[in-house]
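Visitor: I'm new to this one. Could you show it to me and take a few questions?

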Amino acid sequence: MMENAPRAAVIGWPVKHSRSPIIHRHWLKTYDLAGSYDRLALEPEKAEAFFRSFSSSGLVGANVTIPYKETAFSCCDEVDETARVLGAVNTIVLKDGRLLGSNTDEFGFLGSLDSGAPGWDEIGKTAIVLGAGGAARAVVWALLSRGLTVHLFNRTRKRAKVLADRFGSGVQVHEFDDLPTILKTVSIFVNTTSFGMEGQPALDVDLSPMPGSAVVTDIVYVPLETPLLALARHRGLQTVDGLGMLLHQAIPGFELWFGHRPQVTAELRSIVLEDMAWDEKLGEA
Ligand code: NAP
């Protein structure tokens, strides 16, 4: 490899399960670009010092994952609007010696819906979001940016209230008892909780009141078709799986570090799916 080729990485603790290297290495190969992308496991006690002296790391930039999205946010010289609103950074780049931070989860969520269910934001202007964690913040922000009103449901109501207060009157918090009534009125239903994830209980929800034109999406992507998505498919609703968000959120970082805007293709999806199948096999072994 060329000595001065740009080097990027995904930084977290732990980081060995991250699929980002598969995505970025596939793109480097596809577009025949010089560069590398690695995993960097960073010990918690070293994290702040690492981000503060990022210019001496030898990296041009990085993806930042759990548990460092807030640490990176506080160490950047400048952050974009989405990172500021979400209070978390998942993509960093060095520019003229300054560390710039952004958050690409909103971009990834919207990119996935735009390609998986084109015109989804024209069907109606009301959404249900389940969950009020870190990912829900990006999802809510994304839906608001397309002019939708969000009905928010979460086990811990207080957490939902904190999220809603962050965004103002476009987000309304409800009790789960209200779900059947609100389902009748929405054009999109988004699960951002860990329900439906492998090893976790399935989401117990009756989708029958939803309009037939509605879209159901789950940001959980292991398994690819969660019980919620299977239910929606049987009900005849449009569905979008969570893998698209993971792939689309990687686009801006790759372009920043390697100078080429990459595409999410069927080939990339199948490479990542193959890796997920390998993990499953290893888990069974
Ligand atoms: P998080 O901050 O820990 O939030 C978890 C959410 O799930 C909270 O709303 C929590 O409710 C709820 N929850 C968890 N267990 C529950 C249970 N047993 N009963 C009811 N509610 C429960 O996690 P996150 O970072 O937002 O991630 C959430 C999921 O999204 C994960 O599965 C993650 O892998 C996935 N994700 C996917 C992508 C993608 O690119 N596709 C990106 C980011 C995250 P409480 O507030 O009541 O605890």
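Visitor: How far is the sulfur of C76 from the closest cysteine sulfur?
Guide: Keep in mind that this is a predicted model. A disulfide needs two cysteine sulfur atoms within 2.5 Å. The closest cysteine sulfur to that of C76 belongs to C75, and it is too far for a bond, at 7.4 Å.

Visitor: And how many disulfides does the count come to?
Guide: C75 is in no disulfide, its nearest cysteine sulfur being that of C76. By the 2.5 Å rule, the count comes to 0 disulfides.

Visitor: Is C75 buried or exposed?
Guide: The cut-off for buried is under 20% relative accessible area. C76, at 13%, is buried. C75 has 6% relative accessibility, so that residue also falls under the cut-off and counts as buried.

Visitor: Let's move on. Which strand does T217 lie in?
Guide: T217 is a buried residue, with a relative accessible area of 3%. The strand that holds T217 covers residues 215-218, and that is β11.

Visitor: Which residues is T217 in contact with, leaving aside its neighbours within four places in sequence?
Guide: Contact here means heavy atoms within 4.5 Å. Among the partners of T217 are F109 and L113, along with I188, F189, V190 and N191.

Visitor: What about K184: buried or exposed?
Guide: K184 is found in the loop between α9 (179-183) and β10 (188-191). Exposed means over 50% relative accessible area. K184 has 55%, so it counts as exposed.

Visitor: How far apart in space are K184 and A214?
Guide: In sequence, K184 and A214 are 30 residues apart. Not counting residues up to four places away in sequence, K184 touches P209 and P211. From C-alpha to C-alpha, K184 and A214 are 9.8 Å apart.

Visitor: Stepping back, how many helices and strands does the protein chain have?
Guide: Along its principal axes, the C-alpha trace spans about 60 × 40 × 35 Å. Of the 285 residues in the chain, 49% count as buried. As for helices and strands, the chain has 13 helices and 12 strands.

Visitor: What is the radius of gyration of the protein chain?
Guide: For 285 residues the globule rule gives 19 Å. The chain's own value is close to that, so it is as compact as a globular protein of that length. Its radius of gyration is 19 Å.

Conventions. Residues numbered from 1 in each chain as written. Predicted model: local features only at pLDDT ≥ 70, side-chain atom pairs only at ≥ 80, totals over all residues. Heavy atoms only, no water. Helix = DSSP H or I, 4+ residues; strand = E, 2+ residues; numbered from the N terminus. Rg over C-alpha atoms; globule rule 2.2 N^0.38 Å. Buried < 20%, exposed > 50% of the residue type's maximum accessible area, 1.4 Å probe, protein only.
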